[in-house]
Amino acid sequence: MHTEIGIRLGFFFGIFILIAVGEILAPRRILATPRGGRWSRNFALLALNPLSARLLFPVLPVTLALLASERQWGLLNNIDLPYWLEVAIGVIAMDFSIYLQHVLHHAVPALWRLHMVHHADLDFDVTTGLRFHPIEIVISMGIKLMTVAALGPPALAVLIFEVALNGTSMFNHSNMRIPAGVDRLLRLFVVTPDMHRVHHSVIIRETNSNYGFNLPWWDRLLGTYKSQPDKGHDGMTIGISQFRDPKQLTLPRLIILPLVGDPGAVPINRHLS
């Protein structure tokens with residue numbers, strides 16, 4: 001347990017610092033709101049999330065994977081495959097579950113209310129990838145645990161997935177400028193900032209695209225891929241149309257936003273608007 005936490009924290013801080021420096025040296029867009037206030041709110045939400053998840057789920061995914069292996073729970077623990085293939089299947093299958101979970105958060109009204117906290121950010125940078133309502137994190141953890149129990153992936157696969165998910169969430173929400181040619185190559189293998197930024201557009205049909213976090217393949221295979229925003233990355237507006245006043249996006253208001261905020265129409269139901 002302590003080793004897992006150390007690995008995850010080491011990767012988190014290392015990746016965060018690299019991306020934050022990259023945003024300063026080569027920003028993609030000019031930020032519309034002051035960084036200080038946004039970062040403090042986003043980090044406050046981040047600080048709440050591990051606490052809420054650990055209080056409700058003392059058995060976390062890597063630990064559950066070890067338990068599943070001991071007790072032969074899950075599909076992969078009951079078929080004979082090479083270990084490397086089990087690891088690969090585990091990472092890919094868990095990534096697909098996160099894609100489906102993301103789609104659900106745009107399709108189910110109650111889940112969308114929680115997910116609005118993430119989308120209500122008026123800018124798009126490395127801290128946006130850390131900004132989630134604590135209850136959404138609890139639901140996400142529950143889905144991960146169910147996936148691990150049903151699939152039975154090796155603990156190594158779960159650890160790789162968790163580290164990758166955390167790192168790519170910061171990377172694909174970053175405000176780093178990546179040359180267009182490099183971006184085209186990268187998005188064959190990983191979700192890039194320019195790819196995921198489209199998903200944070202106020203235009204509903206763009207919000208309903210590019211749901212992937214780690215792997216970009218699910219959007220292409222399932223018809224939710226959009227290459228570029230209609231107004232271009234410099235001209236697009238980030239956020240949700242009904243939440244444009246920074247004074248209405250303080251930390252206390254973000255916590256109660258799912259209860260009192262105007263959800264608009266559930267985005268996925270306005271795909272053609």
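Reply: This is a predicted model. Helix α13 spans residues 251-260, and its buried residues are Leu254, Leu257 and Pro258.

Me: Which exposed residues does the face of α13 turned away from its buried side carry?
Reply: The buried side of α13 is made of Leu254, Leu257 and Pro258. On the face turned away from that side, the exposed residues are Pro252, Leu259 and Val260.

Me: How wide an arc do the buried residues of α3 cover around the axis?
Reply: In α3, the buried residues are Pro61, Val62, Leu64, Ala65 and Ala68. They sit on the same side of α3, because the arc they cover around the axis is only 160°.

Me: Which exposed residues lie on the face of α3 turned away from its buried side?
Reply: The buried residues of α3 include Leu64 and Ala68. The face turned away from the buried side carries the exposed residues Glu70 and Arg71.

Me: Is glutamine 72 buried, partly exposed or exposed?
Reply: The relative accessibility of glutamine 72 is 43%. Buried means under 20% and exposed means over 50%. Glutamine 72 therefore counts as partly exposed.

Me: What is the relative accessibility of asparagine 210?
Reply: Asparagine 210 is found in the loop between α10 (204-207) and α11 (217-221). Asparagine 210 also has a positive phi, of about 55°, although it is not a glycine. The residue counts as buried, because its relative accessibility is 0%.

Me: Which residues does serine 209 touch, not counting residues up to four places away in sequence?
Reply: Serine 209 lies in the loop between α10 and α11. Its relative accessibility is 3%, so serine 209 counts as buried. Not counting residues up to four places away in sequence, it touches Val198, His199, Asp219, Thr224 and Lys226.

Me: Which residues lie nearest the centre of the largest pocket?
Reply: The largest pocket has a volume of about 950 Å³. Its lining is made up of 31 residues. Those nearest the centre are Arg8, Leu46, Ile137, Lys144 and Asn166.

Me: Which elements give two or more residues to the lining of the largest pocket?
Reply: The lining of the largest pocket has 31 residues. The elements that give two or more residues to it are α1 (2-25), α2 (35-56), α4, α6 (134-151) and α7 (155-172).

Me: How many residues of each class are in the lining of the largest pocket?
Reply: The residues nearest the centre of the largest pocket include Arg8 and Leu46. Counted by class, the lining has 16 nonpolar, nine polar and six charged residues.

Me: Which residues is isoleucine 137 in contact with, leaving aside its neighbours within four places in sequence?
Reply: Isoleucine 137 has its place in helix α6 and is partly exposed, with a relative accessible area of 22%. Leaving aside neighbours within four places in sequence, isoleucine 137 is in contact with Asn49, Ala53 and Phe132.

Me: What kind of pair do the rings of phenylalanine 12 and phenylalanine 13 form?
Reply: The structure holds nine aromatic pairs. The ring centres of phenylalanine 12 and phenylalanine 13 are 5.0 Å apart and their planes are at 75°, so the pair is edge-to-face.

Me: What kind of pair do the rings of tryptophan 217 and tryptophan 218 form?
Reply: Tryptophan 217 is partly exposed, with a relative accessible area of 32%, whereas tryptophan 218 counts as buried at 12% relative accessibility. Their ring centres are 6.4 Å apart and their planes are at 70°, so the pair is edge-to-face.

Me: Which residues do ring pairs link into a cluster?
Reply: The structure has nine aromatic pairs. The cluster linked by ring pairs is made of Phe12, Phe13, Phe16, Trp39 and Phe43.

Note on methods:
Residues are numbered from 1 along each chain as its sequence is written. This is a predicted model: local features need pLDDT of at least 70, side-chain atom pairs count only at pLDDT 80 or more; totals for chains, interfaces and linings use all residues. Side-chain values use heavy atoms; hydrogens and water are left out. Buried means under 20% relative accessible area, exposed over 50%, partly exposed in between (1.4 Å probe, protein chains only). Helices (H or I, at least four residues) and strands (E, at least two) are DSSP runs, numbered from the N terminus. Contact means heavy atoms within 4.5 Å. On a 1 Å grid over the protein atoms alone, a cavity is a set of points where a 1.4 Å probe fits but cannot get out, and a pocket is an open set with protein on both sides within 12 Å along at least five of seven lines; lining residues have an atom within 4 Å of a point. Grid points are joined across faces, edges and corners, and a volume is the space filled by probe spheres set on the points. Ala, Val, Leu, Ile, Met, Phe, Trp, Tyr, Cys and Pro count as nonpolar, Asp, Glu, Lys and Arg as charged, and the others, Gly among them, as polar. Rings of Phe, Tyr and Trp (its six-membered ring) pair if their centres lie within 6.5 Å; planes under 30 degrees apart count as stacked, over 60 as edge-to-face and the rest as tilted. The arc is that of the directions from the helix axis to the C-beta atoms.
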